[in-house]
4 protein chains.
Amino acid sequence: MPQKNTSRLPGRHFLQIPGPTPLPDRIMRAIDMPLIDQRGPEFARLGKRVLEGIKTIFKTTQPVIIYTATGTGAWEAALVNTLSPGDRVLMVETGQFATLWKIMAERLGLKPEFIKTDWRVGADPKVIEEHLRKDKGHEIKAVCVLHNETATGCLSPIAAIRKSIDAAGHPALLLVDTISSLASTDYRHDEWGVDVTIGGAQKGLMLPPGMSFNAVSEKALRASKTAKLPRSFFQWDDMLTMYKQGFFPYTPATQMLFGLDTAIEMLHEEGLDNVFARHDRLAEATRRAVRAWDLEILCRDPQYYSPTITAVLLPDGYDADQFRDIALNTFNIAYGASFGPYAKKYFRIGHLGDINDAMLIGALGATEMALALAGVPHKKGGVQAAMDYIVSAQSGATRVAAE
Amino acid sequence: MPQKNTSRLPGRHFLQIPGPTPLPDRIMRAIDMPLIDQRGPEFARLGKRVLEGIKTIFKTTQPVIIYTATGTGAWEAALVNTLSPGDRVLMVETGQFATLWKIMAERLGLKPEFIKTDWRVGADPKVIEEHLRKDKGHEIKAVCVLHNETATGCLSPIAAIRKSIDAAGHPALLLVDTISSLASTDYRHDEWGVDVTIGGAQKGLMLPPGMSFNAVSEKALRASKTAKLPRSFFQWDDMLTMYKQGFFPYTPATQMLFGLDTAIEMLHEEGLDNVFARHDRLAEATRRAVRAWDLEILCRDPQYYSPTITAVLLPDGYDADQFRDIALNTFNIAYGASFGPYAKKYFRIGHLGDINDAMLIGALGATEMALALAGVPHKKGGVQAAMDYIVSAQSGATRVAAE
Amino acid sequence: MPQKNTSRLPGRHFLQIPGPTPLPDRIMRAIDMPLIDQRGPEFARLGKRVLEGIKTIFKTTQPVIIYTATGTGAWEAALVNTLSPGDRVLMVETGQFATLWKIMAERLGLKPEFIKTDWRVGADPKVIEEHLRKDKGHEIKAVCVLHNETATGCLSPIAAIRKSIDAAGHPALLLVDTISSLASTDYRHDEWGVDVTIGGAQKGLMLPPGMSFNAVSEKALRASKTAKLPRSFFQWDDMLTMYKQGFFPYTPATQMLFGLDTAIEMLHEEGLDNVFARHDRLAEATRRAVRAWDLEILCRDPQYYSPTITAVLLPDGYDADQFRDIALNTFNIAYGASFGPYAKKYFRIGHLGDINDAMLIGALGATEMALALAGVPHKKGGVQAAMDYIVSAQSGATRVAAE
Amino acid sequence: MPQKNTSRLPGRHFLQIPGPTPLPDRIMRAIDMPLIDQRGPEFARLGKRVLEGIKTIFKTTQPVIIYTATGTGAWEAALVNTLSPGDRVLMVETGQFATLWKIMAERLGLKPEFIKTDWRVGADPKVIEEHLRKDKGHEIKAVCVLHNETATGCLSPIAAIRKSIDAAGHPALLLVDTISSLASTDYRHDEWGVDVTIGGAQKGLMLPPGMSFNAVSEKALRASKTAKLPRSFFQWDDMLTMYKQGFFPYTPATQMLFGLDTAIEMLHEEGLDNVFARHDRLAEATRRAVRAWDLEILCRDPQYYSPTITAVLLPDGYDADQFRDIALNTFNIAYGASFGPYAKKYFRIGHLGDINDAMLIGALGATEMALALAGVPHKKGGVQAAMDYIVSAQSGATRVAAE
């Protein structure tokens, strides 16, 4: 049965990184169309349609800015449009991506205050509240949180954080990164009182990387009038002016907008609540598999469990990167890497985007088999546990549908 | 967790029918290219390349005719080019497709003699030999066999059948259908002395339906000079004349030829022996799953096990079509249907084409979960058994590679 | 300005052969989608939709059979389903394709009577009528005519031919090939009393080659009950039975059906009458260019002018194939070749399918420039004449729209 | 001939805007592929290949940074990586895009000095030299020029500007925008001593919008060490560090890199010198058409003629936007708009990217016909003049090739 002398890994690649996520063919084909004049009437119709449509995904009636840039660009946009050099900002070290955002804030001349964690939980609203209460002078201008820390698979409670800011009577803006949660789990920009929501294309929106978002509140727009950080490419004003006609101030990635148009359509065809329920089901199935394998989930507190990413710690002495190599070379599956204090200690299973039950079982199957081949100590039965859970969840579905 | 009010089944469709098989993106993109002049120099290069390349797949140095028609057309081509009205032909009732081929022979004015089976085995060389021995006058002009009976998942031993014909000292032509076996399991047109091999695009060749093949021996070509069945569209002569320049006598499906070119390239990149080993591994894993479920494999004799298709009998009283509906609606997976005496009694899992281990585990997982949801009596553990087998097979692979 | 040392012809290829025609991206993308189960519910919906939709293109309420085969297959289908060995059929030698159809008839055991022409006109209804009147015993079972002779660019008057058959009081079936006219110029299967209309995918339907059609009258269906030519792949009966459920008796080219679905939609979006007017306009513009070049149009009688193809004779002593090579290598444009008595004497400009005014001007411009580079004696001004005509035609359009 | 009641413009869209340019199918298909892990081994190979390959397009051996952002982002990147708040920069008002870049510089806190022109010429090296000579204190930190002003179709002589800076003995950095000239006309980052070259994907590189470039000199890299403008998304350092392994510091637009890989390959297949000669030929043909129409080319000095864009002034009193509408609605062709002091007075014909002679003739034909339909006073014969020129240029080609 040797697979020797081969330069091709057969079959479909299992892209189980925490994003970019597998592209649905329908979206790929929508993107794969000839360009149109970005100043012409057909584009204007497209522009207006997606600029309205994307609001339904953020659950907002306020403007959403669309950038031709990946998520890092939208992080920068959120900061430079609302803040001034030297401004203090409160951030929470939920993991690697929170750390990167903090470094960005420093580079841009802001003064981040970084609430530490052990990278195994989300942001704690109480700690934020305490921190803000101490800031009697209201020098902290913004609270910056990741809804879902992509590096660890921990979800933070944004509605509760909003309440904690209010409870502290603090006027700071709330900036939230939803790059690895948007369109995968419930998120309510308006209802939760978020000032800038940062989103990306390449996760729950099922698009390739190259597009990102800022959903902005009225308060954020007001802040942008006096914010002094230099900005041009990311400037909101020009965008909002041009959006009235469905155009962009400079050439946007037209094809990505074709894709976005289709993605929004597909999410509503499935129904956002069904999309969220599906992600919850896949996440719980994954966690049951991990527990059955007798491995540890990095996120140590169930209240922070991520519906999109599960990071799995390997036993001491086992190199997660080596495991990932074996899985890739044998089963054509890619996982996310580990970072910082946990480098080489865990791998991340992305179970977000256009994934269904059978795809997840394939991915978990590949994982269980790769654990065996890599000699990582574990128990069998993870896939079985995941299937048992899915069967129970789907019988519920069937029952309800029949009523 | 209900999936109500949705018009979209998320994620990738698991096309586990016994063909057409899942199209690799690389082949899809090769096909999705603008047309070229079918009489121009670029086409001539393409034509010559695929006409040579396809021979390596049939393991022949003799001509392979390429038809713009699905497999049924290639069946007809094999008959009308070699036989005359009223000719007796020997066929074996391996299942539904053998039956359809027999009906075709009758319609074309031939006189098929049909060796019965219970549809749960392949063609028996000894029975063929006995039958031929009785035909002292050599009135039987051709023996027609399916290498793999797509309807039942039983593989027939072509090399042994060749020997049985020779042992009987019978001059009949040997016509073999490899539609659901070609490019998935070893097949040797020349070495096994086959006169016409019928192949199709949409299975092991990983192409969409719309193309089929006749690999022809010198003896078959000679027979075609005197064969009197009327023919024009399927006529070999014109084809062979034009092929010298890389052209076709009438407009071929250019895009399919782009795809075929890529498919041949991909099969050789993986290595044909690796392709066959992969199919064997997936087939054995599937059978182990079926046994673990305590269900019955339709093919009742292991010597006939198909490397590409496994038909699974449901317990008495359970409707396989109903089971297939539940699986499709819940897990977005399609299986092959059942036929004839076994209608509604089994479903067929196709595990051929561009399928890998993780995809198979996803498919078997969906099957095990659908069995539960459909209330079909079975034991758990099928997926586990399949994974255990794959791990053992792939460890072998790793060991050998390391030597 | 030398184009040396290059292995790439830049820009878009001008596929001005008389078909296959340039594929619209929308159709290409519709085709470039993953396969679905050809026995599943999604397919059934698709099948029913295209089987109904295609009738609107043939202007019929009677069944249209869809073959996975190129036009040659549909020719054969029309003959074998309606005729018996030895039947006399009346055919008109309009050119190369009529000749090929005649040869096919002979191969199938029919007795074609071939009305001669000089290949520079279409079929003359009067001559047909005379011929039929002589057949007192009604031994001629079918009249076979090409609506548009692809080899010469001559269109035959089908409605008038129908009348001539009726005038002769002859019961022969009327079989019409519309391969290079369907969906490009008006055609009325029912109103004109055609018994079998043969169509192809790769011309006016803007699809790749690989699909063809038989629209069949009730009379043709009746004839098929007694027709004795052997047939199986092309047999109508099984098709019609399965069509009731939206399925095909054997695996069809699923992706082509996706494309057909989109093609029908696009034709109706533009409006069939607009499609026909566009083809008329492009044809007339092309003829004006040819006349301005002082070259001769092969079709020598304006009443037979083809709306889809214009064959252009080169002056004596100039090799049309050499001219085509120069045009291809310099301007990336492909024309149709010449045949039979006119081999190397003309080239054919296809102006059918998804072509618009600017594309045609590009093609005619390439032609005028290639004539100069090839040293073919001609006058300048062809493109100018074509543009002048288009401007006059389009001003009409604008005027009418404004009313 | 009326085109009434239609919701579809048939045929191919002529995207003659000055970019984005028509996408070759080969590039579209390269982009239309499933995503791969942006941290995996396959990506590393891709990353290294394109990071090296893109250097051959800029004619540099120094690093080229690839941004997931359109050209505006690369403008910002060039400024923020090399300059500090309050720095004086010298810019030339060649037209709208130069003006936008100047506004960007102001927003970022720089002090641009703007050399005026009438928008009908390129940047004059002598004026730049004079300006720099006056800056005895070397307070001007950078000279910013557009190689090709996209808004007017005027090309500036970069090599001469380099010499003028040197002649002035001025240490300012030279930042050059090649967005609408790169890969269409000769450009030599190293030889011409440019410090930062800004490029974009969607013009000569034949890619969709969404990617842009900074080619950076050693001097520019040194400047970046002390430049104090805040930056993070556009920061060069992180990029250069990650590039060593073929990776990007944050998720890049993977699919665009697939496309870039193919674009570089295609440009070298054609040969860069052939690409440039082709653009020169198309530009000269276009200008000859404009002159024959008796219309005025916006660029008033032939030494500044752009090889990629020709802006055409309409006679006084004629609205260029209205003309563009008529051309779009009748002939499915899009041109670039006019700006600033010339708003509605001209339209721009883009003749760059994957365009060939026949496509240009189609576009010029549509233009000539639309001029007639729109009632714009002009002479006929533009297309004829363009064809005459192309014939003469291509005969040269043939002659040379034959030698």
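Colleague: What rotation superposes chain A on chain B?
Modeller: This is a predicted model. Chain A lands on chain B with an RMSD of 0.0 Å, and the shift along the axis is 0.0 Å. The two copies are thus related as by a two-fold rotation axis. The rotation is 180°.

Colleague: In chain A, which residue has the C-alpha nearest the axis?
Modeller: The axis in question is that of the rotation superposing chain A on chain B. In chain A, the nearest C-alpha lies 1.9 Å from this axis. The residue is A:Gly362.

Colleague: What percentage of the interface residues of chain A are also interface residues in chain B?
Modeller: The copies meet through the same surface.

Colleague: Is B:Gln16 buried or exposed?
Modeller: B:Gln16 sits in strand E1 of chain B, residues 14-16. Its contacts beyond four places in sequence include B:Ile333, B:Tyr335, B:Arg348 and B:Ala363. The relative accessible area of B:Gln16 is 1%, and the cut-off for burial is under 20%. So B:Gln16 is buried.

Colleague: Which residues touch the most other members of the largest nonpolar core?
Modeller: That core holds 187 residues. Beyond four places in sequence, B:Leu260 is in contact with B:Val50, B:Ile54, B:Ile66, B:Leu205, B:Leu207, B:Met211 and B:Phe213. Apart from this core lies another, of 169 residues, with A:Ala44, A:Ile158, A:Phe213 and D:Leu173 among them. In the largest core, the residues touching the most other members are B:Leu260 and C:Leu260.

Colleague: How many residues of strand E8 of chain B are buried?
Modeller: E8(B) covers residues 173-177 and is mostly covered. B:Leu173, B:Leu175 and B:Asp177 point one way, while B:Leu174 and B:Val176 point the other way. In a regular strand, side chains alternate between the two faces of the sheet. The buried residues of E8(B) number five of five.

Colleague: Which residue stands opposite B:Val176 of E8(B)?
Modeller: Strand E5 of chain B, residues 140-146, pairs with E8(B) in the parallel sense. Five bridges join the two strands. Opposite B:Val176 stands B:Val145.

Colleague: In E9(B), which residue is the bridge partner of B:Leu175?
Modeller: E8(B) also runs parallel to strand E9 of chain B, residues 196-200. Three bridges join E8(B) and E9(B). The partner of B:Leu175 is B:Val196.

Colleague: How many aromatic pairs does a search of the whole structure find?
Modeller: The search runs over all chains. One of the pairs is B:Tyr187 with B:Trp192, 5.3 Å centre to centre. The total is 66.

Colleague: Are B:Tyr187 and B:Trp192 stacked or edge-to-face?
Modeller: Their planes lie 80° apart, and an angle over 60 degrees counts as edge-to-face. B:Tyr187 is buried at 1% relative accessibility, and B:Trp192 is buried at 15%. The pair is edge-to-face.

Colleague: Why is the pair of C:Tyr187 and C:Trp192 edge-to-face?
Modeller: C:Tyr187 is buried at 1% relative accessibility, and C:Trp192 is buried at 14%. The ring centres of C:Tyr187 and C:Trp192 are 5.3 Å apart. The pair is edge-to-face because the planes stand at 80°.

Colleague: Which residues do ring pairs link into a cluster?
Modeller: Chains A and D both contribute to this cluster. From chain A come A:Tyr67, A:Phe233, A:Phe234 and A:Tyr250. From chain D come D:Tyr67, D:Phe233, D:Phe234 and D:Tyr250.

How values were computed. Residues numbered from 1 in each chain as written. Chains lettered and ligands numbered in written order. Predicted model: local features only at pLDDT ≥ 70, side-chain atom pairs only at ≥ 80, totals over all residues. Heavy atoms only, no water. Helix = DSSP H or I, 4+ residues; strand = E, 2+ residues; numbered from the N terminus. Buried < 20%, exposed > 50% of the residue type's maximum accessible area, 1.4 Å probe, protein only. Contact = heavy atoms within 4.5 Å. Core = buried A, V, L, I, M, F, W, Y, C linked by side-chain atoms within 4.5 Å. Least-squares fit on C-alpha atoms with pLDDT ≥ 70 in both. Phe/Tyr/Trp six-rings, centres within 6.5 Å; stacked < 30°, edge-to-face > 60°. Pairing = 2+ DSSP bridges.
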